[in-house]
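Here is a report on one structure.

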Amino acid sequence: HAADAQRTDLMTITRFVLNEQSKHPEARGDLTILLNHIVLGCKFVCSSVSKAGLAKLIGLAGETNVQGEEQKKLDVLSNQVFVKALTSSGRTCILVSEEDEEAIFVESSKRGRYIVVFDPLDGSSNIDCGVSIGTLAFTCTQIFGIYVAKDKQNPSLEDVLRPGNKMVAAGYCMYGSSCTLVLSTGNGVNGFTLDPSLGEFILTHSNIKIPQKGKIYSVNEGNAQNWDEQTTKYVEKCKFPQDGSSPKSLRYIGSMVADVHRTLLYGHGGMFMYPADKKSPNGKLRVLYEVFPMSYLVEQAGGQAFTGKQRALDLVPNKIHERSPVFLGSYDDVEEIKQLYGVKN
Ligand code: AHG
Ligand code: MN
Ligand code: MN
Ligand code: MN
């Protein structure tokens, strides 16, 4: 069939990344190999998530992670999947995962130049309800960010504790009604959807851009009594605009990646925030593997990411599991919150 034959001309993620790398004459193909291993991990987790209800993967693993959160079985499984996929790539030297208290230093025989920081499963509190009622209304996600170590023979934590503007790639994979991988290697943002019959991620959303002004705000409003004045004022403006514009819609899933994915993909644009509050003065989200990769993608899509004090990607973390407040999304919306905090460009 002619239409089927044409399918072999699809833009797979491997082909896409190879093309991107060929624009860099100095590239040695290491990033392509590394990304291939990440993609393999994503395929594995995607299939585990869809089978979770059948494979006794629902529920708690019985341990608490360094964040003080109870680990779900799928948190633990996805962490193991990515640690193995990343070490076996032979292209990594340090791994930082939400689920591991300490950074992992890859043994020297398998060592490569790249540092990968990742959240093996994001929004894992959504797993059980989604699976048990058999709907596709749940989404869990994996976020990753990649840095290059200065000296691969002597990698140190100093290589990891660098500002987000030094990252060379970032992405996430969303395990929803379909499995979607969104990636940037510093040249715009592209989205790939897993074709389960081929086992390949195919380019489905090229050159994703966030509208300059958004129609949605996304925040856990249950924390409102502890917010600072600026956040309170911003949300008030979303609901009761004084300039004649329409009020914004509220959407909040409780999974950063799903919440940001919607903002990126639906073309409405908007603001996602996890602000500081009296109980958590640094907010909740972790700098290295949540705030940085998402901020990188949002900037690459034409939006902005702000911490309440500065550009999120300029933050220099002191600890691998450090947290920071974050406001990210459509350019003009973030500009508004920056003004409320008295920060100029
Ligand atoms: P994780 O599942 O990786 O621990 O991340 C959970 C994070 C993030 O995905 C989400 O935006 C946020 O927690 C939701 O927090 P609240 O339940 O406090 O709103
Ligand atoms: Mn967690
Ligand atoms: Mn997370
Ligand atoms: Mn997680």
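## A buried strand pair

V96 stands opposite V117 in β5. S97 faces F118, also in β5. This is a predicted model: local features need pLDDT of at least 70, side-chain atom pairs count only at pLDDT 80 or more, and totals for chains, interfaces and linings use all residues. Residues are numbered from 1 along each chain as its sequence is written, while chains are lettered from A and ligands numbered from 1 in the order in which they are written.

Strands here are DSSP runs of E with at least two residues, helices are runs of H or I with at least four, and both are numbered from the N terminus. Two strands pair if DSSP finds at least two bridges between them. Strand β3 (residues 92–97) and strand β5 (residues 111–122) run parallel and are joined by six bridges.

How many residues of β3 are buried? Six of the six are, so β3 is largely enclosed by the rest of the structure. A residue is buried if 20 or more other C-beta atoms lie within 10 Å of its own, exposed if 12 or fewer, and partly exposed in between; the C-beta atoms are placed from the backbone. β5 is mostly covered too, with eleven of its twelve residues buried.

β3 has another partner, strand β4 (residues 104–105). This pairing is antiparallel and has two bridges. I94 has F105 in β4 as its bridge partner. Six residues separate β3 and β4, and the two strands form a hairpin.

## The ligand shell

Which residues surround ligand 1? They are E69, E98, D119, D122, G123, S124, N220, G254, S255, M256, Y274 and K284. A residue counts as near the ligand if its C-beta atom, placed from the backbone, lies within 6 Å of it.

By class, the shell has two nonpolar, five polar and five charged residues. Ala, Val, Leu, Ile, Met, Phe, Trp, Tyr, Cys and Pro count as nonpolar; Asp, Glu, Lys and Arg count as charged; the others, Gly among them, count as polar.

## The C-terminal region

UniProt, in an unreviewed entry, places the feature "domain: Fructose-1-6-bisphosphatase class 1 C-terminal" at residues 210–341. UniProt positions follow the numbering used here, feature names are shortened, and annotations may be inferred rather than shown by experiment. Over residues 210–341 the chain is 34% helix and 13% strand. The end C-alpha atoms of that stretch are 23 Å apart.

Five strands form an open sheet with mixed pairing, in the order β12-β11-β13-β15-β14. Its edge strands, β12 (249–250) and β14 (304–306), each pair on one side only. Strand β13 (residues 270–274) runs antiparallel to strand β15 (residues 326–329), with four bridges between them. M273 has F327 in β15 as its bridge partner.

## A loop residue with positive phi

N207 lies in the loop between β10 (200–205) and β11 (216–218). Its phi is positive, about 50°, although N207 is not a glycine. Is N207 buried or exposed? N207 is exposed, with 11 other C-beta atoms within 10 Å.

## The whole chain

The protein has ten helices and 15 strands. Its C-alpha trace spans about 55 × 55 × 45 Å along the principal axes. With 345 residues, a compact globule would have a radius of gyration near 20 Å, and the protein's 20 Å agrees. That radius is taken over C-alpha atoms, and the globule rule is 2.2 Å times the number of residues to the power 0.38.

Buried residues make up 49% of the 345. Two residues are in contact if their C-beta atoms, placed from the backbone, lie within 7 Å. Among contacts with a separation of 6 or more, 63% link residues 24 or more positions apart.
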